Amino acid sequence: MACSVAPALPDQMFHRVGAAAAAPHQLMTRASTPPASHGVRLSDFEWIGDLGAGGFARVSKVRHRLTGAVFALKISYGAAYPGTEDEEAEVLRRAAGWPHVVTCHALLRGPFGEPACVLEFMDAGCLGRVLTRRQGMGMGGIPEPALVEAAAQCVIGLAQLHSRGVAHLDVKPDNFLANCRGEIKIGDFNTARILYGGAGGERPLAVPITAGTRCYFSPERFAPGARAGPHGAMAADVWGLGITVLELFLGRFIYSPELSDVGLELAIRHSGPLRVPEEAEASAELREFMAACLQREPAQRATVLQLLVHPFITRRDVKASRRALQELIVESL
């Protein structure tokens, strides 16, 4: 299936940030520029189709009437935590310009004052859908040559958020978006929390970590009223990343879909260590990467900065792995 890149809107209408290729340490220091609206209104867009809906928002594919450019329009109608309705907008402002975080072109308000975001349209959907399409074609999980590139881009996206004081707290395949250029970007910040910094003064020392998708929860998130400081909240993201990469590799959900909520909690909190199965054809680097992400104790899990320099990431053939990932994504369109 051929892919095309939607034309950029004129500068006077939308703020757009380009991203050239850069080394991981450069990606951590890139200056950010906040998204702007520049007089754009929701009525400037026409609906094309639904992309998805969740507990707090719905996302549509839309076209800008004047330019024909295609975007994803997300309108929120709730918040994961009371009083955090505008948290996602602040996260997007902080993340502006990062190449592995979905680009926000404008922050608007819906007809009832609800937050609305005009986001870049990622034409391959999410990694969860990529995996589902492969299953529909009788294929298994993502082969390691492509998986390592997907994992690297996911790690960079999380590192970019963490470097800005943001924990995502809903890391899963459905929240990593893909396009036909082989790019992976993290999106959906309904449960994200800002942990420190900002014009509003100091942030709380600990934030709730009980919202999100339970099957990607780390064990400590099931504690009643669970809260975490910056290190703990970011460690929860690393666990979600580990589950995500393992699911992509195996080509299936990690836990039985027949488990009840109680059964799922028991499996996550009390089962043995999650690892790549012994019989699977996997490199030692991949197995070690998984082990670093899926330590049961938050203090023992690797940080995203440690994952950036893990041999699984640094020893990959970048050119070959990028080509393998792009070919796999295009094949699934």
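**The second largest pocket**

Guide: The second largest pocket has a lining of 33 residues, and those that lie nearest its centre are Val-59, Asp-174, Asn-175, Leu-177 and Asp-188. A pocket here is an open set of points, on a 1 Å grid over the protein atoms alone, where a 1.4 Å probe fits, with protein on both sides within 12 Å along at least five of seven lines, and lining residues have an atom within 4 Å of a point. This is a predicted model, in which local features need pLDDT of at least 70 and side-chain atom pairs count only at pLDDT 80 or more, whereas totals for chains, interfaces and linings use all residues. Residues are numbered from 1 along each chain as its sequence is written, and side-chain values use heavy atoms, with hydrogens and water left out.

The space in the second largest pocket comes to about 830 Å³, a volume being the space filled by probe spheres set on the points, which are joined across faces, edges and corners. By class, its lining has 13 nonpolar, 10 polar and 10 charged residues, where Ala, Val, Leu, Ile, Met, Phe, Trp, Tyr, Cys and Pro count as nonpolar, Asp, Glu, Lys and Arg as charged, and the others, Gly among them, as polar. At least two lining residues each come from β1 (45–53), β2 (57–64), β3, β5 (115–120) and α3 (127–136), and β1 gives the most, with 3 residues. Strands (E, at least two residues) and helices (H or I, at least four) are DSSP runs, numbered from the N terminus.

Strand β3 (residues 70–76) is also where Lys-74 is placed, and the UniProt annotation "binding site", from an unreviewed entry, covers Lys-74; such positions are given in the numbering used here, with feature names shortened, and annotations may be inferred rather than shown by experiment. Lys-74 counts as buried, because its relative accessibility is 4%, buried meaning under 20% relative accessible area, exposed over 50% and partly exposed in between, with a 1.4 Å probe and protein chains only. Leaving aside residues up to four places away in sequence, Lys-74 touches several residues, including Val-59, Asp-188, Glu-88 and Cys-117, where contact means heavy atoms within 4.5 Å.

Cys-104 is itself buried, with a relative accessible area of 8%.
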